[in-house]
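These are my notebook entries on a structure that I looked up.

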Amino acid sequence: MRYKFWIKISWFGFLTFIIFSTGCVSVYNPVTGKKEWYLFDEKGEISWGDAMANEFIKENKLLDDQKRINYIKDIGVSLAKVSHRSNLNYKFYIIDQDQMNALAIPGGHVFIYKGLLDTVDDSELAFVLAHEIGHISARHSLKKLGATLGFSILATTLLRSPDQAQAKQLVNQLFGLVAKGYSRSDELQADNLAFNYVSDAGYDPRAAISLFEKLKEANKGMARPPFYLSSHPNSDQRIKNISSKLKELKGGGVQ
């Protein structure tokens, strides 16, 4: 039994070595200024993100309102231009559901739900979109995948397989992982990036405060808030973080 167990451990170690030596790549992260290891390079990230976004769109109804689509696109593009990864082809979508949600898919796909869009003003919307662009810029989803070895094994196997059914299954599983939310530190980093992006794009960063107040109000009375709210630090913590950044600005402060 000990011999068989050792064989299993050795095989696992060998497989792990193969995955990280052939399946993972060193990619420069412009947010941290360091080279980091990920499952995909940027080209692979874009391909996987496109597949993931297509599956998500198939399962969710998009809002058919070109005026509003152009509205969020104009704001989103202005923010993307000042982001750390302005080279990506960002795409912006509105999910036709009355939820206070938004999410980012690697490679440049940003989704906002109609419920949240109906609640925010221009500057608040800019912060929401900038926050999601921040997740993409810092490669938070890819970092999360890389930290989950089981998914790395699955991805390395299936992404090289011509079986479309398996590929679709992978996309669904990976989306489920992303939908569970990021770490609190990732969320705060995305807030900090959003603060800089909206400021650089000419929007009022103080709008983040009123946005968090709205999210806080929406969260009241919910037995189980949606993942966009539950995965984030609480609104008071986020307000405190943004308030400290406002004080750093010349003439800043909450008025």
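**Second largest cavity**

I found about 40 Å³ of space in the second largest cavity. The model is predicted, so I noted that local features need pLDDT of at least 70 and side-chain atom pairs pLDDT 80 or more, while totals for chains, interfaces and linings use all residues. Residues are numbered from 1 along each chain, and side-chain values use heavy atoms, without hydrogens and water.

A cavity is a set of points on a 1 Å grid over the protein atoms alone where a 1.4 Å probe fits but cannot get out, and lining residues have an atom within 4 Å of a point. The volume is the space filled by probe spheres set on the points. The structure holds 2 cavities of 30 Å³ or more.

I listed the lining of the second largest cavity as E45, A104, P106, H135, I136, R139, H140, S141, L142 and Y182. Helix 6 gives the largest share, 3 residues. The lining divides into 5 nonpolar, 3 polar and 2 charged residues.

**Helix 12**

I checked the length of helix 12 (residues 235-248): its 14 residues should span 20 Å at 1.5 Å a residue, and the end C-alpha atoms, 20 Å apart, agree. Its buried residues (under 20% relative accessible area, 1.4 Å probe, protein chains only) include I239, I242 and L246. The buried residues of helix 12 pack against helix 5, helix 9 and helix 10.

**Hairpin**

I saw strand 1 (residues 25-29) and strand 2 (residues 34-38) pair antiparallel over 5 bridges. V27 has E36 as its bridge partner. In the hairpin, G33 takes a positive phi near 75 degrees.

Conventions. 1 Å grid on protein atoms, 1.4 Å probe; cavity = no way out; pocket = protein on both sides within 12 Å on 5 of 7 lines; lining within 4 Å. Helix = DSSP H or I, 4+ residues; strand = E, 2+ residues; numbered from the N terminus. Nonpolar A, V, L, I, M, F, W, Y, C, P; charged D, E, K, R; others polar. Expected span 1.5 Å × (residues − 1). Buried < 20%, exposed > 50% of the residue type's maximum accessible area, 1.4 Å probe, protein only. Contact = heavy atoms within 4.5 Å. Pairing = 2+ DSSP bridges.
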